[in-house]
Amino acid sequence: MSETSHEIKRQTTACMRQLLDAAGLEAGDILVVGCSTSEIMGKRIGSAPADEAAEEVFAAIHPLLRERGVRLAAQCCEHLNRALVIEKEAALRYGLPPVSVVPVTDAGGSWAAKAYRSLDKPVVVEDLGCHKAAAGLDIGETNVGMHLRPVAVMVRPTEPWIGQARVTMARTRPKLIGGERAQYL
């Protein structure tokens with residue numbers, strides 16, 4: 001593994017640990033990750049896919065989610081309408097109909113293609129329906145917000161960059177309803 005690869009994995013691990021701690025995710029929760037490997041490598045989004053960067057990001061994220069029972073939703077690029085790669089079992093559990101596509105580097109992106117090759121029985125779904133993600137990690141401004149629950153709360157990363165890609169993280173919370181007399185958890 002090159003020094004750059006080692007640093008990508010280290011930065012990703014640090015971000016993921018911070019987000020998991022801030023979000024308080026439980027087993028069964030969904031975490032969406034969007035990742036521009038082009039941005040990680042200092043190029044414009046979508047212009048220079050980097051499979052090695054995708055491998056390091058996946059190697060950092062997947063074990064941390066598995067040990068907590070949190071489900072990964074890996075966002076594809078805009079060429080696949082930001083569809084999501086998830087495990088078939090999760091799609092069945094949440095009633096999410098699979099679509100017929102396989103993400104590849106040029107249509108879906110290196111990140112989604114890596115997730116598709118690495119997850120257990122992967123499928124692609126258009127969106128998460130009413131089962132929106134409880135948290136999100138956006139590496140390189142890929143716009144994961146559309147897949148989050150309605151009230152997103154930004155988590156300021158202590159590691160604001162992975163490679164040369166800006167990192168944005170968010171957790172979600174329930175909506176606060178009522179008025180001045182309402183009491184909240």
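**Close-up views of a predicted model**

View 1. With a relative accessible area of 3%, S38 is buried. A polar atom of the S38 side chain lies 2.8 Å from the backbone nitrogen of A48, a separation that falls within the 3.5 Å limit used for a polar contact.

**View 2. The largest pocket and the residues that line it.** The volume of the largest pocket is about 390 Å³, and its lining is made up of 22 residues. Those that lie nearest the centre of the pocket are I45, G46, C77, E78 and G109. Sorted by class, the lining comprises seven nonpolar, 12 polar and three charged residues.

**View 3. The aromatic pair between helices α3 and α5.** One aromatic pair is present in the structure. F58 and W111 form this pair, with 6.2 Å from centre to centre and 50° between the planes, in an arrangement classed as tilted. The pair links distant parts of the chain, since F58 belongs to helix α3 (residues 51-68) and W111 to helix α5 (residues 109-118), and the two residues are 53 residues apart. F58 has a relative accessibility of 8% and therefore counts as buried, the cut-off for this class being under 20%. W111 is also buried, with a relative accessible area of 1%.

View 4. Strand β6 covers residues 135-139 and is mostly covered, with five of its five residues buried. A135, L137 and I139 point one way from the strand, while G136 and D138 point the other way, and buried residues are found in both sets. Strand β1 (residues 30-35) pairs with β6 in the parallel sense over five bridges, whereas strand β9 (residues 165-172) runs antiparallel to β6 and is joined to it by five bridges.

**View 5. Leu137 within strand β6.** L137 is found in strand β6 and is buried, with a relative accessible area of 0%. The bridge partner of V33 in β6 is L137, and L137 also stands opposite M169 in β9. L137 and V167 are 30 residues apart in sequence, yet their C-alpha atoms are 7.3 Å apart in space.

**View 6. Two loop residues with positive phi.** K121 lies in the loop between α5 and β5, the latter spanning residues 122-125, and its phi is near 45°, a positive value in a residue other than glycine. K121 has a relative accessible area of 66% and so is exposed. N143 lies in the loop between β6 and β7, the latter spanning residues 152-155. Although N143 is not a glycine, it has a positive phi of about 65°.

Notes: Residues are numbered from 1 along each chain as its sequence is written. This is a predicted model: local features need pLDDT of at least 70, side-chain atom pairs count only at pLDDT 80 or more; totals for chains, interfaces and linings use all residues. Side-chain values use heavy atoms; hydrogens and water are left out. Rings of Phe, Tyr and Trp (its six-membered ring) pair if their centres lie within 6.5 Å; planes under 30 degrees apart count as stacked, over 60 as edge-to-face and the rest as tilted. Helices (H or I, at least four residues) and strands (E, at least two) are DSSP runs, numbered from the N terminus. Buried means under 20% relative accessible area, exposed over 50%, partly exposed in between (1.4 Å probe, protein chains only). Two strands pair if DSSP finds at least two bridges between them. On a 1 Å grid over the protein atoms alone, a cavity is a set of points where a 1.4 Å probe fits but cannot get out, and a pocket is an open set with protein on both sides within 12 Å along at least five of seven lines; lining residues have an atom within 4 Å of a point. Grid points are joined across faces, edges and corners, and a volume is the space filled by probe spheres set on the points. Ala, Val, Leu, Ile, Met, Phe, Trp, Tyr, Cys and Pro count as nonpolar, Asp, Glu, Lys and Arg as charged, and the others, Gly among them, as polar. A polar contact is a pair of N or O atoms within 3.5 Å; within protein, one must be able to donate a hydrogen and the other to accept it, and residues adjacent in sequence count only if both atoms are side-chain atoms.
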